[in-house]
Amino acid sequence: MGLETLAKHLIAGDWAGADALLAPLASRADAHPSLVYNWGKVLIELDRPTDAARALERVVSADPTHVNGWFELGRAAVLCEDYQTANHAFGRAHVLDPDDADA
């Protein structure tokens with residue numbers, strides 16, 4: 001995957017193009033949490049919140065201190081109408097970074 005190509009897709013809001021680049025790498029069991037996190041955000045933009053939540057759950061499992069991972073998991077959970085998970089995820093984000101206004 002070329003990072004320049006990925007950046008072009010992200011800047012252009014070409015979520016399908018970004019997904020095509022990220023999915024094969026981020027879906028691997030050994031994928032780095034930051035790669036999976038970015039894929040999760042792309043999946044939210046593609047209106048695939050269930051897939052995004054699965055990806056973001058992997059992120060926070062691999063790195064329980066990943067504030068942005070918790071926050072985005074909360075967003076995905078809201079879109080799935082899973083308010084219990086959303087509340088937990090936003091709560092974790094807030095505990096990890098109480099100064100984050102979004103959390």
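Trainee: Why is Phe-90 called partly exposed?

Mentor: Its relative accessible area is 23%. Buried means under 20%, exposed means over 50%, and partly exposed is what lies in between, with a 1.4 Å probe and protein chains only. Phe-90 falls in that middle class, so partly exposed is the label. Before we go on, this is a predicted model, in which local features need pLDDT of at least 70 and side-chain atom pairs count only at pLDDT 80 or more, while totals for chains, interfaces and linings use all residues. Residues are numbered from 1 along each chain as its sequence is written, and side-chain values use heavy atoms, with hydrogens and water left out.

Trainee: What makes Phe-71 buried?

Mentor: Phe-71 has a relative accessible area of 17%. That is under the 20% limit, so Phe-71 counts as buried.

Trainee: And why is the pair of Phe-71 and Phe-90 called tilted?

Mentor: A search of the whole structure finds one aromatic pair. Its two rings, those of Phe-71 and Phe-90, have centres 5.4 Å apart and planes at 55°. Rings of Phe, Tyr and Trp (its six-membered ring) pair if their centres lie within 6.5 Å; planes under 30 degrees apart are stacked, those over 60 are edge-to-face, and the rest are tilted. The distance therefore makes them a pair, and the angle makes the pair tilted.

Trainee: Which parts of the chain does this pair tie together?

Mentor: Phe-71 lies in helix α5 and Phe-90 in helix α6, so the pair links parts 19 residues apart in sequence.

Trainee: How many helices and strands does the chain have?

Mentor: Six helices and zero strands. Helices (H or I, at least four residues) and strands (E, at least two) are DSSP runs, numbered from the N terminus.

Trainee: How do you know how compact the chain is?

Mentor: The radius of gyration is 13 Å, close to the 13 Å that the globule rule gives for 103 residues, so the chain is as compact as a globular protein of that length. That radius is taken over C-alpha atoms, and the rule is 2.2 Å times the number of residues to the power 0.38. The C-alpha atoms fill a box of roughly 35 × 25 × 25 Å along the principal axes. Buried residues make up 36% of the 103 residues.

Trainee: What span is expected for helix α3?

Mentor: At 1.5 Å a residue, 18 Å is expected. The expected span is 1.5 Å times one less than the number of residues. α3 covers residues 33-45, has 13 residues and reaches 19 Å from its first C-alpha to its last, which is close to that value. After α3 comes Asp-47, whose phi is positive, near 60°.

Trainee: Which residues of α3 are buried, and what covers them?

Mentor: The buried ones are Leu-35, Val-36, Tyr-37, Trp-39, Gly-40, Val-42, Leu-43 and Ile-44. Their cover includes α1 (3-12), α2 (15-26), α4 (49-62) and α5 (67-79).

Trainee: What makes a set of residues a nonpolar core?

Mentor: The members are buried Ala, Val, Leu, Ile, Met, Phe, Trp, Tyr and Cys residues joined through side-chain atoms within 4.5 Å. The largest such core here has 25 residues, and those with the most contacts inside it are Leu-56 and Leu-73. Two or more residues each come from α2, α3, α4, α5 and α6 (83-96). The largest share, seven residues, comes from α3.

Trainee: With what is Leu-73 in contact?

Mentor: Contact means heavy atoms within 4.5 Å. Leaving aside neighbours within four places in sequence, Leu-73 is in contact with Ala-53, Leu-56, Glu-57, Val-60, Thr-85 and Ala-89.

Trainee: What class does Leu-96 fall in?

Mentor: Leu-96, in helix α6, counts as partly exposed at 30% relative accessibility. Apart from neighbours within four places in sequence, Leu-96 is in contact with Pro-64, Thr-65, Val-67 and Trp-70.
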